[in-house]
Amino acid sequence: VQVVESGGGLVQPGGSLRLSCVASGSIFSIYNMGWSRQAPGKQRELVARITNGGDTYYIDAVKGRFIIRMDNAKNTVTLQMNNLKPGDTADYFCHAGIYLDADDSGDDYWGKGTQVTVSS
């Protein structure tokens, strides 16, 4: 299984970026996908998560600014980030909760990350 992110970059405060992620390989089903981030010198934190049923979770710091969407058929998840702030600067990691077969108990698979820098 591979989880690959794309879409990071440098953006000015108030700007927008969209992160994309695709999970591929021998996948039976995906039960959730999400994004976490890690800023320099800080612990990694969950930013947003979505289930295959469409239920979403956001940390308070991004509510009203970030939108997470999942395409079950394509095993993809996107994170639309609007009104970005310098405090959003971090490496962003995609993760997916995946069943490899009908008997699998499920596990989280992580991408290698994409950098987001918010600066003027």
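In the predicted model, Lys63 and Asp60 form a salt bridge in which the closest N and O atoms are 3.1 Å apart. Lys63 is partly exposed, its relative accessible area being 48%. Asp60 has a relative accessible area of 62% and is exposed; the cut-off for that class is over 50%.

The search of the whole structure gave 4 salt bridges. In one of them, the side chain of Asp88 meets that of Arg37, with an N to O distance of 3.0 Å. This pair links distant parts of the chain, since Arg37 belongs to strand β4 (residues 29-38) whereas Asp88 sits in the loop between β8 (76-81) and β9, 51 residues apart. Both Asp88 and Arg37 are buried.

Asp88 also takes part in a salt bridge with Arg65, at 2.8 Å from N to O. Arg65 is located in the loop between β6 (56-58) and β7 (66-71), and Asp88 in the loop between β8 and β9, so this contact ties together parts that are 23 residues apart in sequence. Arg65 counts as buried, with a relative accessibility of 8%. For Asp88 the relative accessibility is 2%, and this residue likewise counts as buried. Through salt bridges that share partners, Arg37, Glu45, Arg65 and Asp88 are joined into one network. Side chains of opposite charge can pair when their charged atoms come close.

The count of disulfides in the model is 1. The bond is formed by Cys21 and Cys94, whose sulfur atoms lie 2.0 Å apart, and this pair meets the criterion because the cut-off for the sulfur atoms is 2.5 Å. The torsion about the S-S bond of Cys21 and Cys94 is about -80 degrees, so the disulfide is left-handed.

The accessibility of the two cysteines was also computed. Cys21 has a relative accessible area of 3% and is buried. The corresponding value for Cys94 is 0%, and Cys94 is buried too. Both assignments follow because a residue is classed as buried when its relative accessible area is under 20%.

Conventions: Residues are numbered from 1 along each chain as its sequence is written. This is a predicted model: local features need pLDDT of at least 70, side-chain atom pairs count only at pLDDT 80 or more; totals for chains, interfaces and linings use all residues. Side-chain values use heavy atoms; hydrogens and water are left out. Buried means under 20% relative accessible area, exposed over 50%, partly exposed in between (1.4 Å probe, protein chains only). Helices (H or I, at least four residues) and strands (E, at least two) are DSSP runs, numbered from the N terminus.
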